[in-house]
Amino acid sequence: MTPVLELNGLTKRYGATTALQSVSFEVAKGSTHAIIGENGAGKSTLIRILSGLETPDVGTMSLGGSRYRPKSLGDSRRTGVSTAFQDLSLLPNLTVAENLLLPRLGGGRLIRRRANRDAAAVLLSEHGLDHIAPTQEVATLPLADKQKVEIVRAVSHQPRLLLLDEPSAALPDVEWLYHLLAKIRSDELTVLYISHRLTEIRDLCQAATVLRNGEVIDTVQVASVDDAEVFAMMGGGAKEGHGAGARTSRGLRDTPAISALNLHGRSIADVTFTLHRGEILGVAALEGQGQAETFRILAGAARPSSGQVEVDGEQVGLRSSAVALQHGISFVAEERKTEGIFPGLSTLSNVTIGSLDKVGAGGLLAGPKEHSSTRRWAKEVDLNVRYLRMDIDALSGGNQQKAILARSLMRGSKYLLLYDPSRGVDVGTKSTIYDLMERFVADGEGAILWYSTDLAELTGVCDRILCFYRGAVVAEVTGEGSTVNTLLAAITGHSNDARESQVRS
Amino acid sequence: MKALRSAATNGSVLAGLVLAVMYVVYMYSSVDVLTIENATDLFNNAAPLVVAATGLTLVIVSGGYDLSIGGVVVIANVILATQSGSTTQSGLLAIAVALAAGLLVGAINGFLVAYLGVQSIAATLGTFIMCTGIALVIMPSPGGSVPDFISPGLNSTVGGVVPVAFLVVLACVLGWLILRRCRFGVHIYALGSDERSAVQSGIRRANVKFRVFVGAGFLYAAAGVMLTAQTASGDPNGSALFMVLVFAAVAIGGTRFGGGRGSAIGSILGAGVLAVLQKMLFALGVSTFYTGIVQGAVLILAVLLGQVSLGLAQRSRVSESTQLIHGTEPAGPQAAQTGGQS
Amino acid sequence: MTSSADVDQRGAKGFRLSGQSGYIVAILALTVILMPLSRLVSPSLGSWSTVSAILVVSSMLTLVGFGQGLVILVGELDLSLPSIVSLAGVLTTAWLGSSPSLVTFLQIIGICALIGLANGLGVTLLKVPSFIMTLGTQLIVAGAALGYTKGTVPGTTPSFLAQLMLGHWAGIPIPIFLLVAMAVLGTLIQRHTSFGRRLYAVGSNRASAQVAGVHVNRVIIGAFVLSGVCAALTGMLLVGYGGGATLGMGDTFFLSSIAVVVVGGSSILGGRGSYLGTVVAAVFLTTISTLIQSLGISQGWQTFIYGFLIVAVVGLLNQELYGHLTRTVRRIAGSSGRSRAAGEPTA
């Protein structure tokens with residue numbers, strides 16, 4: 001095989017964290033090559049390096065036989081590499097046409113609006129996006145359309161290496177993507193397909209490189225491995241039915257802990273359900289189906305346009321997170337970087353922030369007391385006490401997540417709202433989190449509402465699972481019915497069918 | 001209906017309305033307002049503020065702050081006051097030197113912010129102090145003189161009808177409109193609204209930021225030239241009030257201080273509001289002792305007005321879209337600062 | 001194979017040596033070295049009298065720097081300090097000068113606290129950017145002071161203030177004790193109180209603080225109120241030191257209050273910094289200006305050098321430059337043939 005792309009010993013560090021360690025593999029010309037890995041495996045860093053946004057600390061790359069060392073995005077584009085980013089890079093206040101044609105915008109000094117608009121229209125129509133007007137502001141597009149525009153933009157540069165980072169993440173149907181890829185396929189075009197959706201990879205790719213914790217585990221031919229082997233390489237994760245046996249012995253009660261009653265909001269309509277004491281209630285959904293807003297309403301971080309929330313059977317007005325915390329509700333948000341940790345502060349401070357009155361008196365904080373009180377909670381979440389003194393930035397994603405959980409525990413909250421807590425977290429920490437969750441509800445007092453994008457882990461740990469689709473709860477899955485396939489069918493809007501092409505892992 | 005709504009939420013339009021209202025009040029409060037003399041006088045007063053506000057708008061839209069305005073203005077002022085001799089030629093040369101100085105300071109700011117990654121507040125604070133120092137070196141005490149060509153030359157009219165200052169303001173307006181249609185203009189707005197996406201779209205962050213500061217420096221120097229035309233002398237101590245008024249003009253004009261939104265047209269109208277305000281207060285007999293209070297109040301009210309219009313605009317945009325949105329709340333009050341630094 | 005344990009292993013080494021404390025020590029060392037060195041420039045410098053004069057002046061800068069520091073810590077900026085200092089000074093001579101009383105004293109502090117409250121409310125409830133809000137307050141308060149005094153400042157310096165600022169105790173000027181007391185108290189407030197901890201949290205990540213149940217608005221308002229109070233106290237001390245009040249007496253603090261916080265190692269974005277750094281920076285900057293002044297060069301060059309130093313310090317402080325340097329060093333080290341085993345800790 002003639003490799004068009006060769007990576008040799010790529011290493012990238014950010015301060016004390018190593019994102020990539022000696023990554024080496026080859027990509028055959030004209031092929032579609034998958035990069036598989038969980039969040040935190042190093043995929044994004046790899047993309048950024050290949051796109052010229054970062055430079056590796058150690059290691060080399062070669063493209064088409066010559067040394068490839070882009071110093072900017074422009075460099076990578078000029079060399080024939082084009083990227084569709086996972087965190088979409090469209091400018092919300094510019095039009096679709098402007099976004100598609102950035103940065104050159106039709107060349108020359110002055111922008112020719114009409115020419116640009118026409119050029120954009122041609123581009124959109126070529127790839128089946130006639131319904132999008134070139135003059136529309138990107139901010140008004142639904143997420144799926146934004147994803148499509150991002151991909152079309154990358155394709156429009158006619159690259160020889162196309163990088164697609166989780167291209168199907170926001171697409172409810174992947175047909176469009178399959179169609180596009182089939183159309184542009186040629187011997188001159190190589191595609192790097194970053195994803196964790198095995199079915200898509202089997203449909204589209206010939207070879208795959210599996211990353212875990214920043215290292216290459218192996219590069220394989222897709223046809224010669226089965227799913228179980230891939231899972232094992234990715235780090236195993238929660239296999240279906242993990243800990244299923246322990247379910248029945250817990251103290252699940254009938255007493256309602258938190259009730260959502262007829263909640264309406266920007267992205268939800270008439271959401272009603274009850275979380276019971278002693279229960280681990282799972283939530284399954286695709287991106288943007290209203291689950292985020294529901295969580296935030298229950299956490300006091302957002303207001304519903306109508307509907308009520310009851311805690312312990314009494315109606316409450318959750319005006320703010322502080323009020324929710326007073327009612328015993330603790331929220332662990334989706335992105336710990338933006339709504340979780342306090343960068344620049346010690347891990348100890350990160351844990352105690354919610355319980356400052358407990359580690360001091362009269363507003364004064366006592367150092368030794370703060371430390372000793374926190375040790376207990378650190379042990380509870382299996383966080384090495386040594387880390388308490390360090391800056392939280394120095395910790396891995398998994399340990400940061402543990403610290404945030406310790407914060408909620410230390411606060412003494414009864415009810416936990418966990419939004420994708422195991423994202424970007426290593427396997428060991430995931431296991432710790434599951435154990436923690438089970439212990440938390442074991443006495444029948446605590447309760448957990450848990451959203452995860454990993455359907456397998458939901459089936460393994462939860463009592464019940466609510467399925468969200470288009471802003472409403474469309475299914476409630478328990479016991480025998482809680483298989484990954486059933487969940488998939490529900491969250492994609494199919495009640496009984498589980499279409500092959502939609503299977504996600 | 002939609003056009004009306006978008007007009008109502010456009011900061012520039014609001015500023016224009018305010019200006020119109022104020023001018024009407026002003027007309028009632030004193031006679032002889034609608035003469036060429038009076039108009040020239042008004043434009044002369046407003047010109048320095050207009051030009052400086054245009055420069056500051058560039059920086060703010062790109063997501064930065066600039067505290068060096070006063071420094072560049074005072075350097076331009078003292079250069080003219082000491083170097084411009086007595087002939088038109090020497091005057092022109094001095095103006096060229098002053099503008100070059102503005103470019104240089106802008107380049108230093110740009111280098112610090114764009115290439116060294118220093119926060120724009122910190123960097124421009126330092127260059128501001130350096131500039132005031134240089135100004136004192138050039139001219140230790142107030143005085144100096146400028147040739148007639150500059151003063152009252154730049155404060156008079158072309159052909160007895162069109163004030164030179166008006167042409168300067170017009171140049172700023174046209175210049176901005178052209179910029180908006182340029183690639184550079186789009187890049188500035190992109191960087192200011194979402195830097196990460198802009199970089200991932202291929203916009204060269206450092207290059208654009210650098211040029212923004214250089215352009216702003218040039219404009220501040222030009223403002224200094226127009227200011228010298230007013231005072232006909234040099235004062236190395238400068239005016240702290242001027243810098244505040246420049247920020248006020250930009251705020252009144254509806255430019256968002258986090259970047260990505262706004263327009264120099266609004267800032268220019270805002271500068272006009274402040275100029276008329278000053279005249280109005282004087283004509284109304286308000287003691288100069290209290291102008292400070294009024295200006296401060298106007299500044300805050302202007303920003304509030306800007307907030308309201310931004311808020312309305314955002315709400316109308318959201319209701320237009322039909323998407324199922326992630327249920328995330330917009331970022332808190334720190335948004336202005338977080339998105340806005342350098 | 002790397003595990004999360006290895007990753008954190010590196011963290012332990014990476015964050016110990018560099019960072020804040022090292023920087024503060026460096027500045028302190030520089031200051032201490034400069035003082036005797038300055039004797040080379042002029043024999044009168046480097047003497048105890050100069051050092052004590054520097055420390056006395058620094059005490060006022062440190063006090064106003066504390067307030068500004070709190071505001072910067074939460075990620076905002078207070079540009080109204082000069083007018084509050086001047087207002088407090090004017091009210092002190094006008095009201096306290098002839099008949100000093102605790103009530104009047106509290107009234108003056110109270111008025112300035114209210115100004116801080118207004119700032120805080122404007123920033124949190126009205127969502128006006130602090131830059132603008134405090135600039136507006138600055139104009140209003142300065143205008144009010146002007147209007148109140150009609151240009152001439154009435155009253156006399158209260159004797160207790162003069163005694164405080166110009167007096168000695170055990171041979172050492174009293175303000176130096178104040179400086180030390182403030183350093184201790186300020187550090188205590190920032191690092192060892194719940195309020196201080198919340199300031200850091202809000203400054204570090206406002207969204208995280210919100211989710212964690214911190215009353216973000218109260219914290220920000222508190223910072224502005226304290227800033228106003230500190231400015232008021234500074235005005236009073238300045239009256240005692242300078243023997244009177246003028247309408248522009250606070251103007252010098254406009255930039256120096258920010259400079260002293262930034263040079264002291266606090267990030268202008270908030271969430272990072274220590275008061276000790278501010279104190280050391282205050283002494284450092286005052287030393288520098290004294291030194292520059294005695295060089296016998298013109299006022300203009302003095303100011304220029306002062307500004308240049310600030311630029312140099314903030315220019316060198318930033319992460320990008322540090323990152324460039326370490327990468328270059330690493331590349332040089334790497335190219336000299338040393339191989340790196342997986343798991344080997346980074347420098």
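1. A:Thr32 stands opposite A:Val191 in S8(A). This pairing belongs to a predicted model. Strand S3 of chain A, residues 32-36, is the place to begin. S3(A) and strand S8, residues 190-194 of chain A, pair in the parallel sense over four bridges.

2. S3(A) also pairs with strand S9 of chain A, residues 207-212. The sense is parallel, and four bridges join the two. A:Ala34 faces A:Ala208 in S9(A). A:Ile35 stands opposite A:Thr209 in S9(A).

3. How many residues of S3(A) are buried? Five of the five are, so the strand is largely enclosed by the rest of the structure. Both of its faces are covered. A:Thr32, A:Ala34 and A:Ile36 lie on one side, and A:His33 and A:Ile35 on the other. Side chains in a regular strand alternate between the two faces of the sheet.

4. The sheet around S3(A) is open and has six strands. Their order is S6-S7-S8-S3-S9-S10, with mixed pairing. Strand S6 (81-84) and strand S10 (215-221) of chain A are the edges. Each has a single partner strand, so one side of each is left without a neighbour in the sheet. From one strand to the next, the twist averages 20 degrees. Helix H5 of chain A, residues 143-156, packs on this sheet. H5 touches S6 and strand S7 (161-165), and its direction makes about 175 degrees with that of S6(A).

5. Chain A has another open sheet, with four strands in the order S2-S1-S4-S5. Here the pairing is antiparallel. Which strands stand at the edges? Strand S2 (17-28) and strand S5 (66-67) do; each has a single partner strand, so one side of each lacks a neighbour in the sheet. In general, strands of a sheet pair through backbone hydrogen bonds, either parallel or antiparallel.

6. A:Lys12 has A:Leu20 as its bridge partner in S2(A). Helix H1 of chain A, residues 43-50, lies across S1, S2 and strand S4 (58-63). H1 runs at about 115 degrees to S1(A).

7. Now the cysteines. Over all chains, the disulfide count comes to zero. A:Cys467 is in no disulfide: the nearest cysteine sulfur, that of A:Cys462, is 11 Å away. The cut-off for a disulfide is a pair of sulfur atoms within 2.5 Å. A:Cys467 counts as buried because its relative accessibility is 0%. B:Cys182 is also in no disulfide. The nearest cysteine sulfur to B:Cys182 is that of B:Cys172, 16 Å away. B:Cys182 is buried, with a relative accessible area of 13%.

8. Chain B has 14 helices and two strands. Of its 342 residues, 55% are buried. Consider the contacts in chain B with a separation of 6 or more: residues 24 or more positions apart account for 80% of them. The accessible surface of chain B comes to about 13200 Å². Carbon and sulfur atoms hold 67% of that surface.

9. Chains B and C meet in a contact that takes 50 residues from chain C and 47 residues from chain B. The area buried between them is about 4100 Å². Carbon and sulfur atoms give 80% of this area. Which residues of chain C lose the most area to chain B? They are C:Phe131, C:Ile132 and C:Leu139, together 16% of what that side buries.

10. C:Ser194 lies in helix H9 of chain C, residues 194-204. Leaving aside neighbours within four places in sequence, C:Ser194 is in contact with A:Leu356, A:Gly363 and A:Leu365. C:Ser194 counts as buried, at 8% relative accessibility. C:Tyr148 is 46 residues from C:Ser194 along the chain, and their C-alpha atoms are separated by 39 Å.

11. C:Ser58 is a serine in helix H3 of chain C, residues 48-73. Is C:Ser58 buried or exposed? C:Ser58 counts as buried, because its relative accessibility is 0%. Not counting residues up to four places away in sequence, C:Ser58 touches C:Leu179, C:Ala282, C:Val283 and C:Thr286.

Note on methods: Residues numbered from 1 in each chain as written. Chains lettered and ligands numbered in written order. Predicted model: local features only at pLDDT ≥ 70, side-chain atom pairs only at ≥ 80, totals over all residues. Heavy atoms only, no water. Buried < 20%, exposed > 50% of the residue type's maximum accessible area, 1.4 Å probe, protein only. Contact = heavy atoms within 4.5 Å. Pairing = 2+ DSSP bridges. Axes fitted to C-alpha atoms, helices over the stretch in contact; angles between N-to-C directions. Areas by Shrake-Rupley, 256 points an atom, 1.4 Å probe, with all protein chains shown as cover. Buried area = accessible area lost by both parts, 1.4 Å probe.
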